Amino acid sequence: MTLQSSGTISLANIRDEYNNGSSDPVVLNDYYRGGSLVRANADNNTATNLSADIPTSANSSPLSINDFYGQARAFRKTYSSTATDQSGVGVFGDDFAVNYPKEIVINASQTVGATSSSAPALKIDSTGAGTITVTNNGSIEGAGGAASSAGGNALQVDGSVSVTLVNNGTIKAGGGGGGTGGTGGSGVYTASATFSSLVDQGGGGSSTPQNNKPSWLNSIYTSAGNLDGVGVVSDRLWRGINQQFNRSGGIGSSGQFQINHSGSAGAGFSGNCANRGPIYISAQTNITASTTTYFTGYGTSSNGKNYYYNTLSMSVSGTCLAIQTGGSGGSGGVGQGYNQSAGSAGSAGSGSNNAGSGGNGGAGGAFGAAGSSGSTGNNGSGTSVSFPSSAPTNGASGASGGASGKSIQGVSNVSSSGSGSLTGGTA
């Protein structure tokens with residue numbers, strides 16, 4: 001209790017304020033500020049010393065009973081403007097662990113708020129000693145949670161520290177973040193085949209082609225023969241894929257034998273051969289995964305043992321069943337908290353090619369409330385396949401919304417009074 005500001009003040013009054021419970025005679029010199037009975041602020045104590053008018057030593061001023069008018073044995077921190085992320089140690093410094101009264105006062109219309117859901121707006125650390133009183137005439141507000149995450153606590157009392165709370169304002173737990181929506185299920189659709197890794201199996205290289213041919217040709221062309229035209233015409237010169245080998249003259253310089261392939265997804269390929277045949281090519285496709293497939297273009301009847309043709313051409317294209325990933329889930333809204341409104345539910349991504357659209361996200365919770373869960377993604381459709389993965393699939397479940405924080409964490413150590421309100425549970 002603060003000593004009276006006027007009228008009669010006695011040594012017993014001083015003893016009851018600064019050495020309560022003692023029956024020892026009062027020696028006034030024991031009550032200089034800076035001693036064990038009337039403490040001075042530690043260097044890192046930013047609170048107001050309610051005994052600031054009491055002299056610090058006999059050298060500065062002789063001690064008088066009159067020095068004690070209006071004084072009190074306590075350190076007090078008063079919030080007259082908004083503050084964030086406050087703690088007992090942060091305010092009182094080394095004095096927080098000293099057995100000496102401490103007061104925290106939040107004025108009307110002022111807020112102490114948290115900027116992260118991982119820490120409370122006001123923390124009473126476990127190292128606190130002496131009586132600790134929190135008088136809230138304004139607001140203490142926890143931070144809102146991110147998507148699918150819990151909101152933050154408003155007032156948190158750690159360890160076994162005892163706190164007296166006079167709440168005439170509001171203490172609000174941060175709202176939980178809304179859950180992320182589920183991804184849509186994969187769909188199956190018909191896509192164009194893609195060809196890659198083309199090789200000329202009937203020749204190859206940058207010089208005269210090899211005399212290779214598929215063995216099964218012998219059952220069609222029973223006469224002996226070769227592919228490069230020896231004995232009939234000049235060697236056919238292989239110009240490679242898309243004329244990769246430069247010919248500077250002679251037969252083949254204008255593209256006597258080559259394969260044309262754009263290399264783009266969904267593109268087939270074509271080949272042409274003048275004077276010789278057949279066309280014998282290998283390639284890989286997304287239809288058969290990493291398996292090499294052989295393609296041959298040849299006439300339906302023999303025109304002599306040397307397979308002579310004026311012009312022979314071929315083209316290859318195809319379709320396959322492909323898997324389309326489902327639409328993305330919508331983001332969850334943030335929870336309501338200090339300096340932050342509750343976020344609305346995020347919209348999901350749409351599905352294409354028989355894939356399911358994602359589920360919408362959940363809305364963030366208001367102060368003291370959990371966030372809403374995200375919606376389940378829609379199922380995919382189409383013909384069943386097992387490669388490269390099984391499809392179609394069902395949409396994934398949405399994530400749960402985050403829980404709300406606590407208005408008071410460590411409430412068993414708190415003695416409460418006042419006409420204020422709590423928003424959110426306690427623990």
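Are Tyr 31 and Phe 68 buried or exposed? Tyr 31 is buried, as is Phe 68; buried denotes under 20% relative accessible area, exposed over 50%, and partly exposed the range in between (1.4 Å probe, protein chains only).

This is a predicted model, in which local features need pLDDT of at least 70, side-chain atom pairs count only at pLDDT 80 or more, and totals for chains, interfaces and linings use all residues. Residues are numbered from 1 along each chain as its sequence is written, and side-chain values use heavy atoms, with hydrogens and water left out.

Select Tyr 18 and Phe 68 next. Their rings form an edge-to-face aromatic pair, 6.0 Å centre to centre with 70 degrees between the planes. Rings of Phe, Tyr and Trp (its six-membered ring) pair if their centres lie within 6.5 Å; planes under 30 degrees apart count as stacked, over 60 as edge-to-face and the rest as tilted. Because Tyr 18 lies in helix α1 and Phe 68 in the loop between β1 (48-49) and β2, the pair ties together parts 50 residues apart in sequence. Helices (H or I, at least four residues) and strands (E, at least two) are DSSP runs, numbered from the N terminus.

With Phe 68 it forms another edge-to-face pair, at 6.5 Å centre to centre and 80 degrees between the planes. Tyr 18, Tyr 31 and Phe 68 form one aromatic cluster.

Finally, select Lys 77, which lies over the face of Tyr 79, 5.2 Å from the ring centre. A charge sits over a ring if NZ of Lys or CZ of Arg is within 6 Å of the ring centre and within 35 degrees of the ring normal.
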